[in-house]
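Me: I would like to go through this structure with you and ask what stands behind each label. Could you set the values against the cut-offs as we go?

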Amino acid sequence: MSTQPAGNPHVRHSVPRQTDRRWWHSIFPPSPAPLPLVPVRVSFRQDVPQALLVPAKGDAFDFRLHAVYLWTASNMGFEELRLRAERLLPWAGGIVRERAVDLAREHEPHRAHDLERALNNLLMHQRWPQDANLPQFGVHLRVSPDERVRERLRPYWEERIELECHHELQKIRAWQADDLTRRWAAVLQSLEDDPVTGHAARLAGEQFAEVFQRYVVERRDTVPDLVSLLREAVKGHGDLGLGPSEYTQAWDAAVRTYERQHGLSGRAN
């Protein structure tokens, strides 16, 4: 019993050959699917030399606003963006001035730095126009006072600079005097007990020798008074009939030691 399908036995059906198709694709590979286009964003920095004028508090003086615009756009060449920015500059300046006027009137004419900080905090996250498909700009401002205000501030700053410089100079002098005093004190204390100090001091100069000798004499002149006071304290316990004790013996030993250290043992009674 035949299992062939019914039909004309002389008709041959075309079946694609996989081998031929792979060979063709190896020479001419199919084109990859196109990737989605990513918008290209260009930017242009516009530093404007002409300052915008806004009134300060009291309307007697003006602040000068020096603006730097940053323009950005998508799918646009740099040169085209630059040309558009130049054409739109008056419009951009009007927007910035409108935003700045009210805030400027809250600041005194000599508070330019305070106004600059306040304006940049206000405008730093804003962009115009709102439509992102159009060229947009952001702005950074530098604020300077009226020229008449600058002239009035000059004497104040000159005096302040002079005072601060004088203060710094006095601090340096005080530090140097303190350092020098400490060093000389250490020298005098280390040389006081040396028996050849009086002669060696002259090697450092007559002025040093004179000062050193005066220092030694003054120190030694104060010792007898102290020794007499201590001796009276020791004798006082004997006068009271206390007799020798650890207390009086300790004081007596201290007196004798102090006398020997300062060369006063021959003057003691």
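This is a predicted model: local features need pLDDT of at least 70, side-chain atom pairs count only at pLDDT 80 or more; totals for chains, interfaces and linings use all residues.

Me: What makes the pair Asp 178 and Arg 182 a salt bridge?

Reply: The rule asks for a side-chain nitrogen of Lys or Arg within 4 Å of a carboxyl oxygen of Asp or Glu. The N to O distance here is 2.9 Å, so the pair qualifies. By this rule the count comes to 13 salt bridges.

Me: How are Asp 178 and Arg 182 placed along helix α4?

Reply: They are 4 residues apart in helix α4, which means that about one helical turn separates them.

Me: Is Arg 182 called buried or exposed, and why?

Reply: Exposed is the label for values over 50%. Arg 182 has 57% relative accessibility, so it counts as exposed.

Me: Which label does Asp 146 get, and how do you know?

Reply: Asp 146 has a relative accessible area of 11%. The limit for buried is under 20%, so Asp 146 is buried. Asp 146 also forms a salt bridge with Arg 148, at 3.2 Å between the closest N and O atoms, and Arg 148 is partly exposed at 46%.

Me: And what about Thr 72: buried or exposed?

Reply: Thr 72, in strand β3, has 11% relative accessibility; this is under 20%, so it counts as buried. The residues it touches beyond four places in sequence include Val 42, Leu 81, Leu 134 and Pro 135.

Me: What makes the link between Thr 72 and Arg 127 a polar contact?

Reply: The cut-off is 3.5 Å between N or O atoms.

Me: Why is Asn 120 called buried?

Reply: Its relative accessible area is 12%, under the 20% limit, so the label is buried. Asn 120 sits in helix α3, and its side chain reaches the backbone nitrogen of Leu 141 at 2.9 Å. Apart from neighbours within four places in sequence, Asn 120 is in contact with His 140 and Leu 141.

Me: How do you know that β2 and β3 pair?

Reply: Pairing needs at least two bridges. Strands β2 and β3 have 4, in the antiparallel sense, so they pair. Val 54 stands opposite Phe 63 in β3. The two strands form a hairpin with 6 residues between them, and Gly 58 in the turn has a positive phi of about 95 degrees.

Me: Does Gly 58 count as buried or exposed?

Reply: Its relative accessibility is 66%, over 50%, so Gly 58 counts as exposed. Gly 58 and Glu 106 are 48 residues apart in sequence, yet 8.9 Å apart from C-alpha to C-alpha.

Me: What lets Ile 161 belong to a surface patch?

Reply: Patch residues need over 30% relative accessible area. Ile 161 is partly exposed at 47%, so that condition is met. Together with Tyr 156 and Trp 157, Ile 161 makes a nonpolar patch of about 320 Å².

Key
Residues are numbered from 1 along each chain as its sequence is written. Side-chain values use heavy atoms; hydrogens and water are left out. Patches are made of residues with over 30% relative accessible area and no salt bridge: like charges are joined within 9 Å, nonpolar side chains (Val, Leu, Ile, Met, Phe, Trp, Tyr) within 5 Å. Accessible areas come from the Shrake-Rupley method with a 1.4 Å probe; for residues, only the protein chains shown count as cover. Buried means under 20% relative accessible area, exposed over 50%, partly exposed in between (1.4 Å probe, protein chains only). Contact means heavy atoms within 4.5 Å. A polar contact is a pair of N or O atoms within 3.5 Å; within protein, one must be able to donate a hydrogen and the other to accept it, and residues adjacent in sequence count only if both atoms are side-chain atoms.
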